[in-house]
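Here are a few exercises to work through with the structure open beside you. Try each task before reading its solution.

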Amino acid sequence: MEVKFQLNGKPAAADIEPDCMLLDLLRDMRCYSVKRGCDTTNCGLCTVLVNGKPSLSCAMPAARAEGKEIITLEGLQEEAVVFGRFLAKEGAEQCGYCSPGFIMNVIAMMRELKDPSIEEIKEYLAGNLCRCSGYEGQMRAIRNYMKEKGAQ
Amino acid sequence: MNLVNTSVPKVDSMALVTGKPVYTDDLAPKDCLIVKVLRSPHAHAKIRKIETERALKVPGIECVLTHEDCSDKRFTMAGQTYPEPSPYDRRILDDRVRFVGDAVAVIAGVSEKAVAKAMKLVKVDYEVLEPVLDFRKAKDHEILVHPEENWKALCEVGADNKRNLCARSETQEGDIDQVLKDCKYYVEETYHTKANQQAMMENFCTFTHMDAYGRLNVVSSTQVTFHVRRILSNALDIPKSKIRVVKPRIGGGFGAKQTVVTEVYPALVTMKTGKPAKIVYTREESFIASSPRHEMEITVRIGADENGIIKGIDVYTLSNTGAYGEHGPTTVGLSGHKSIPLYGKAEAFRFAYDVVYTNVMSAGAYRGYGATQGIFAVESAVNELAHKMGMDPVKLKELNMVKKGQKMPAYYGETATSCALDKCVERVKEMISWDEKYPRKDMGNGKVRGVGLALAMQGSGISNVDTAAVTIKVNDDGFYSLIIGASDMGTGCDTILAQMAADCLDCDMDQIIVHGVDTDVSPYDTGSYASSTTYVTGMAVVKTCEVLKEKILKKGAQYLSCPPEEAEFDGKRVFHPESGKEISLKDIGNQVMCGNEEALQASESHYSPTSPPPFMAGAAEVEVDLETGAVELIDFAAVVDCGTVINPNLAKVQTEGGIAQGIGMALYEEILYNEKGKTSANSFMQYKIPTRQDIGNIRIEFQSSYEPTGPFGAKSIGEIVINTPSPAIAEAVYNASGVRVRELPITAEKIYMGMKEK
């Protein structure tokens with residue numbers, strides 16, 4: 001079956017099997033930032049924006065992308081660089097494997113919540129697992145990023 | 001010195017945070033055969049027959065391989081220096097399966113779907129056998145996990161497959177029984193740590209293909225690039241010269257990838273078919289057929305005199321290596337060698353162990369590598385001893401802990417050449433407000449808070465074994481290539497080694513490019529494990545830079561037509577102060593590419609006869625609900641002595657990450673098996689690692705000593721950081737609730753039942 005959608009601002013189309021998940025389709029379409037870390041929607045590594053909302057692409061049939069706007073980190077390179085610098089400044093990206101999904105969700109959070117508290121941040125990002133950093137460095141990066149955004 | 005001890009961002013950071021395709025699965029050729037493993041549903045069985053005909057008829061299926069397609073020579077998947085201490089006890093596929101999930105057949109085809117369909121059509125006739133599932137009964141059990149005649153141990157580790165023994169040993173100094181008998185205070189208790197998953201975010205994965213020279217090329221997510229080459233050579237029974245292994249970016253390892261978990265399967269397929277092949281484990285496979293921490297049961301006998309001086313420590317460890325012996329004989333050693341020496345005044349010690357085979361998933365290397373288990377036991381016993389004496393446990397630790405300059409008889413007789421453990425304890429007490437909070441505070445709402453503190457040590461590389469070489473060459477325009485065999489797995493060794501090189505060569509970071517790891521190109525390095533990279537490979541960088549600087553000086557002097565002893569090199573130019581003549585490194589770099597007979601590069605190797613321990617103190621504050629036993633971690637403070645801190649931010653994140661993993665081990669994580677040997681811990685649903693809402697606050701600081709044998713005074717940081725949470729949290733829970741939990745994880749049920757019994 002054919003599915004048509006907007007991918008990172010450009011029209012995209014693909015011939016898919018009905019049971020194809022969005023994660024696999026996106027990787028087939030060379031969006032390699034989208035990672036698979038589990039089989040059970042627990043890790044957050046495959047987070048993409050679907051019509052602006054953060055979504056787990058491993059749990060979304062690709063057919064449901066029909067007519068929607070899908071954004072991966074490939075489509076948010078400028079924002080990724082801006083926030084990524086804060087993360088790298090803390091050394092908190094470590095192995096980097098969870099970074100794309102985490103950064104997608106941070107960007108979504110910053111768009112959705114105004115001036116979130118630490119507890120709100122932790123709750124919003126609770127589904128983004130990281131085994132390297134112990135999360136503290138990620139939180140420092142977010143706080144510094146928010147501070148600079150607030151100052152602007 | 002201006003880059004060492006500064007927080008330089010990782011050299012690969014921007015690629016990682018922008019999601020570039022730099023990991024194994026991102027790089028695999030798109031026409032790879034997809035490889036999957038058919039796994040045993042039985043904990044112990046003989047394979048009578050495997051019918052593959054129907055599976056082979058599925059369109060797109062390339063091959064279905066069984067034990068008949070594999071070499072019958074046994075090998076170990078443990079990534080260790082040859083001759084490996086781990087017994088040669090496995091084949092790629094065997095006619096006996098030894099745990100639920102053990103490999104039965106390898107299926108390769110053009111798509112995931114075709115392979116999944118074919119897998120259902122492979123028919124296996126099993127003769128189901130009784131498994132050995134209780135590790136306490138495994139030694140000398142009538143059922144043998146490895147009855148085969150061609151099982152062999154390369155090293156004298158006390159292994160005996162006819163007794164289900166992977167290793168055993170006993171060492172002793174002084175008359176431990178007499179010393180303990182004479183002690184006024186004495187504790188004897190048994191502690192139980194569980195198998196845990198490293199749970200790095202990138203699952204195990206590998207792809208393979210043949211190159212233009214007819215050699216097997218392997219790209220894999222591994223910590224032990226050179227060991228992979230040897231292990232594949234053993235497994236496939238082909239010469240090492242026929243294999244090339246490349247390590248790209250790695251999505252975390254923590255020791256999991258110090259075992260060759262996936263490499264053999266696509267390698268076998270590519271060797272049989274000549275076609276590119278890849279395997280990417282699902283998270284379920286990474287949970288059920290991998291290389292978790294060794295489960296250990298540790299009995300500690302410890303005694304002190306009337307002044308609170310610890311006179312003797314006796315440790316017996318029973319370790320469960322599971323179906324295969326990967327890292328079995330070596331992890332267990334650390335449970336004594338890296339716990340007993342924390343207490344410098346003991347007059348006698350004994351350390352004995354048995355490592356047994358059972359029919360559960362093979363254990364492997366996991367950050368801390370046995371030290372984590374041993375330190376939970378010994379630190380808990382020391383805390384219990386203090387309570388028996390009516391003494392503040394921290395006071396007892398302060399009276400007895402190892403100090404700089406002390407000889408450590410239980411640590412191979414090494415001397416603590418650098419040790420700021422006393423300062424670590426002093427500072428962590430302040431950070432957690434020990435004197436104010438010990439032992440407990442009733443919160444007045446049915447909840448009680450308690451604090452607990454633990455000490456830890458680890459090593460820095462394996463003494464006399466771990467070997468690292470690096471090569472540095474000068475390129476045109478004078479930039480350097482730093483070529484290493486150490487495997488950055490996210491820890492940042494590509495960066496910290498470049499920092500050291502930049503300081504040694506008096507240049508900026510951007511003058512140095514780092515390359516690693518490719519067994520065809522990189523100089524030999526044992527790999528990134530045993531907390532060796534900063535300490536061992538770092539020293540190889542320092543040595544190589546010294547030699548290279550001399551060569552640059554000589555070459556520059558030649559171009560300036562002056563004697564080298566009169567010339568100087570300042571990182572940017574070679575100059576002759578007397579005549580004022582100079583030549584830039586850029587010009588030297590360009591000139592050596594024209595009419596030059598000596599390559600302007602250097603390569604030095606390093607090993608260390610000692611393994612200087614980093615030290616650490618960690619303190620936990622917990623809140624226990626007296627109604628339910630539910631425990632919440634409020635705060636965790638830690639202070640680390642890793643010698644000179646090469647990159648404070650990276651060291652800090654290593655520490656915070658290790659503590660978070662340690663908190664998972666202490667409170668949540670365990671691999672449970674049912675009565676048939678099947679684990680339910682096969683996803684993040686059942687095997688819960690901490691989220692950012694589960695870890696309270698982690699606060700860390702450094703108290704640096706200076707290690708004279710390390711590069712810039714550095715020791716290791718990677719492993720020690722996982723060792724304090726379990727004993728510190730167990731002690732905090734005791735102080736809050738009066739319940740001593742000696743079996744991890746420390747769950748609400750155990751605390752509740754403990755409170756009920758009282």
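Two residues are in contact if their C-beta atoms, placed from the backbone, lie within 7 Å. Keep in mind that this is a predicted model.

**Exercise 1. Domains of chain B**

Task: Find how many residues of domain 1 of chain B are in contact with domain 2 of chain B, and describe the touching side of domain 1.

Solution: 
- Step 1: Start with the bounds. Domain 1 of chain B covers 13-129 + 201-252 + 256-288, and domain 2 covers 132-189 + 295-416.
- Step 2: The centres of domain 1 and domain 2 of chain B, taken over C-alpha atoms, are 35 Å apart.
- Step 3: Apply the contact criterion. It pairs 22 residues of domain 1 of chain B with 27 residues of domain 2 of chain B.
- Step 4: Sort the side of domain 1 that touches domain 2 in chain B: 10 residues are nonpolar, six polar and six charged.

**Exercise 2. Helix 2 of chain A**

Task: Check what span helix 2 (residues 77-90) of chain A should have, then locate its kink.

Solution: 
- Step 1: The expected span is 1.5 Å times one less than the number of residues. For the 14 residues of helix 2 of chain A this gives 20 Å, and the end C-alpha atoms are 20 Å apart, so the two agree.
- Step 2: Look along the axis. Helix 2 of chain A has a kink of about 30 degrees, centred on A:Gly84.
- Step 3: Check burial. A:Gly84 is among the buried residues of this helix, which also include A:Phe83, A:Phe86 and A:Leu87.
- Step 4: Ask what covers them. The cover includes helix 3 (99-112) and helix 5 (136-151) of chain A, together with helix 1 (13-17) and helix 17 (648-667) of chain B.

**Exercise 3. Where the chains meet**

Task: Work out which helix of chain A gives the most to the side that touches chain B.

Solution: 
- Step 1: Count the contacts. On chain A 41 residues take part, and on chain B 43.
- Step 2: Helix 2 of chain A gives the most, with eight residues.
- Step 3: Classify the side of chain A that touches chain B: 20 residues are nonpolar, 13 polar and eight charged.

Terms used:
Residues are numbered from 1 along each chain as its sequence is written. Chains are lettered from A and ligands numbered from 1 in the order in which they are written. This is a predicted model: local features need pLDDT of at least 70, side-chain atom pairs count only at pLDDT 80 or more; totals for chains, interfaces and linings use all residues. Domain bounds come from an automatic or database domain assignment. Ala, Val, Leu, Ile, Met, Phe, Trp, Tyr, Cys and Pro count as nonpolar, Asp, Glu, Lys and Arg as charged, and the others, Gly among them, as polar. Helices (H or I, at least four residues) and strands (E, at least two) are DSSP runs, numbered from the N terminus. The bend at a residue is the angle between axes fitted to the seven residues ending there and the seven starting there. A residue is buried if 20 or more other C-beta atoms lie within 10 Å of its own, exposed if 12 or fewer, and partly exposed in between; C-beta atoms are placed from the backbone.
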